[in-house]
Amino acid sequence: MTDHAPNEARVIPLRPGPAPGPAASGPSAPPAAAPREPLWRHLVGDVLRKERQAQERTLKDVADEARISMPYLSEVERGRKEASSEVLAAAAGALGLGLGDLLARTHAELVRVTSRRSAVPARSVRNGSVRNGSVRGSAHDGLCLAA
């Protein structure tokens, strides 16, 4: 017989797994699920739906004014469709918002949702400073959207 290693598949994870720590009790312990970042399309849809409902308007009303189909707007609101910037601008415009307003509200929602998941207090962020209640120099400082 030879001293060859067993013929096993090599798995390369796309994302690094959780760091090994004292919680792991051996190979049978399941890996801890890390909280997932929300998807942009879910956040945009939530913002559009909340604004539409705050105005007490129907999907049909907003879709007609935006000149997009009602089923498509519904899919966008539920985060199932990745809408183009033109569609987002039309939906926002039908609600009396500019595209910048929609993006700013979505960004604020992203910061709100992800800061809830983070156990790190804002004042302890390394290389950041607190200004007006927000952390400067954090992972959420600024916004980039490519469409």
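Morning, everyone. A word of caution to start: this is a predicted model.

Overall layout. The protein has five helices and two strands. Along the sequence the order is α-α-α-α-α-β-β. So much for the order; now burial. Of the 147 residues, 24% are buried. Next, contacts. Take those between residues at least 6 apart in sequence: 64% of them join residues at least 24 apart.

H1 covers residues 40-54, and H5 covers residues 99-117. Their axes lie 9 Å apart, and the packing angle is about 115°. Angles of 65 to 115 count as roughly perpendicular, and H1 and H5 are therefore roughly perpendicular to each other. The crossing of H1 past H5 is right-handed.

Which residues of H1 meet H5? On the H1 side they are Trp40, Leu43, Val44, Val47, Leu48, Lys50 and Glu51. On the H5 side they are Leu102, Leu103, Arg105, Thr106, His107, Glu109, Leu110, Arg112 and Val113. By class, that contact has nine nonpolar, two polar and five charged residues.

Stay on H5 for a moment. Threonine 114 lies in this helix. Is threonine 114 buried or exposed? Buried: its relative accessible area is 9%, and the cut-off for buried is under 20%. What does its side chain reach at 2.7 Å? The backbone oxygen of leucine 110. There is also valine 111: its backbone oxygen lies 3.4 Å from a polar atom of the threonine 114 side chain. Leucine 110, you will recall, is also among the H5 residues that meet H1.

H2 runs over residues 59-66, and H3 over residues 70-77. Here the packing angle is about 110°, with the axes 9 Å apart. H2 and H3 are therefore roughly perpendicular to each other.

The contact list is as follows. From H2 come Leu59, Lys60, Val62 and Ala63. From H3 come Met70, Leu73, Ser74 and Glu77. Five of these residues are nonpolar, one is polar and two are charged.

To recap, with the structure up on the screen. H1 and H5 are roughly perpendicular, and H2 and H3 are roughly perpendicular. Threonine 114 sits in H5 and is buried. Its side chain reaches the backbone oxygen of leucine 110. And again, the model is predicted. Thanks.

Key: Residues numbered from 1 in each chain as written. Predicted model: local features only at pLDDT ≥ 70, side-chain atom pairs only at ≥ 80, totals over all residues. Heavy atoms only, no water. Axes fitted to C-alpha atoms, helices over the stretch in contact; angles between N-to-C directions. Helix = DSSP H or I, 4+ residues; strand = E, 2+ residues; numbered from the N terminus. Parallel < 35°, antiparallel > 145°, perpendicular 65-115°, else oblique. Left-handed = near helix turned anticlockwise from the far one by under 90°. Contact = heavy atoms within 4.5 Å. Nonpolar A, V, L, I, M, F, W, Y, C, P; charged D, E, K, R; others polar. Buried < 20%, exposed > 50% of the residue type's maximum accessible area, 1.4 Å probe, protein only. Polar contact = N/O pair within 3.5 Å; in protein donor to acceptor, adjacent residues only side chain to side chain.
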